[in-house]
Amino acid sequence: MKIVDAHCHLESPELKDDLHKLLNDAYREGVVKIITSSVIIDEWYISKNISKNFPEVEYTVGVHPWYVKDSHFDIYKKLGEFYTENRDLIAIGEIGLDKKIDSPPFYLQQMIFEEQMKFAVDVNLPVIIHCRGAFNELAESLKKVGMPKRGGIIHAFSGSVDIALTFIKKGISFSMGGALTYKPSNKRIETLKVIYPEHFLLETDSPDIPPVGTEKPNVPANIILNLKGAEAIIGRSAEEIAEVTTKNAERIFNLKI
Ligand SMILES: [Zn+2]
């Protein structure tokens, strides 16, 4: 079985000192590729170095909505400078919008998100989007700045069927992680019916969102639990789900597996 962890944060202080063990544990479970996403500018080169040291790890750069600042007004330029030197990044992310937090203010999140989206559109790199409680605003931003032709994913997706259909039309797929191990709600069951198989990917979001029965920090090896959760909800074999989610990740992120 070949599994891709489409979204995690190996740069995280909780994980970065134990990468050899943590990645070997993941490979033993069938993980063949891991996409790690930085969340602040100071992590961009950490992400790159992890990818350089571990050939199974690919990296993406961006500023997460929780960490946007006024001083990021020139984020488009910063991404451009980094990309000129580092053509090996595979996507822009983690970027997005989060209405479930009070700070940073939402207008600032929107401004910095849209600048990063513009960059992804201009260089045609896929995007990894975080969106909580802001799907309407996300759709508005995409209308305004467009979507890269290469598409992208909304990670830890928890939206409804209607929301999924809206974003599929814009070229977006969806990854899910630990929530697949929770008691499935009707909403999750119905949404999976719509996004599976073509628009569904697996992730862990390590060190966050540990699957049921595990503790923080979450690790990429736990993707096997998320896969089993998906198997129980979707009613297809783990082998089939691994195969289609890996194919989707290969297509969107142009991975060589
Ligand atoms: Zn994340």
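Two strands count as paired if DSSP finds at least two bridges between them. Strands (E, at least two residues) and helices (H or I, at least four) are DSSP runs, numbered from the N terminus.

Before you click on anything: this is a predicted model, where local features need pLDDT of at least 70, side-chain atom pairs count only at pLDDT 80 or more, and totals for chains, interfaces and linings use all residues. Residues are numbered from 1 along each chain as its sequence is written.

**Stop 1: the sheet.** Select the strands. You're looking at an open sheet of eight, in the order β1-β2-β3-β4-β5-β6-β7-β8, with parallel pairing. The edges are β1 and β8 (200–202), each of which pairs on one side only. From one strand to the next, the twist averages 30 degrees.

**Stop 2: the two ends of the sheet.** Go to β7 (residues 172–176), which runs parallel to β8 and is joined to it by three bridges. Pick out Met176 and you'll find Leu202 of β8 opposite. Now jump to β1 (residues 3–8), which pairs with β2 in the parallel sense over four bridges. Here, Val4 sits opposite Lys33 of β2.

**Stop 3: β2.** Is this strand mostly covered or uncovered? Select residues 31–37: β2 is mostly covered, with six of its seven residues buried (20 or more other C-beta atoms within 10 Å of a residue's own, with C-beta atoms placed from the backbone).

**Stop 4: α6 and α7.** Select 161–168 for α6 and 186–195 for α7: their axes come within 9 Å and cross at roughly 25 degrees. (Axes are lines fitted to C-alpha atoms, for helices over the stretch in contact, and angles run from 0 to 180 degrees between N-to-C directions.) That makes α6 roughly parallel to α7, the word for angles under 35 degrees. Show Val161, Ala164 and Leu165 of α6 with Glu190, Thr191, Val194 and Ile195 of α7, which make the contact (C-beta atoms, placed from the backbone, within 7 Å).

**Stop 5: α4 and α5.** Finally, select 106–123 (α4) and 135–145 (α5), which pack at about 45 degrees with their axes 10 Å apart. Show Gln110, Phe113, Glu114, Met117, Lys118 and Val121 in α4; they meet Glu137, Ser141, Lys144 and Val145 in α5.

Terms used. Angles under 35 degrees count as roughly parallel, over 145 as roughly antiparallel, 65 to 115 as roughly perpendicular and the rest as oblique. Two residues are in contact if their C-beta atoms, placed from the backbone, lie within 7 Å. A residue is buried if 20 or more other C-beta atoms lie within 10 Å of its own, exposed if 12 or fewer, and partly exposed in between; C-beta atoms are placed from the backbone.
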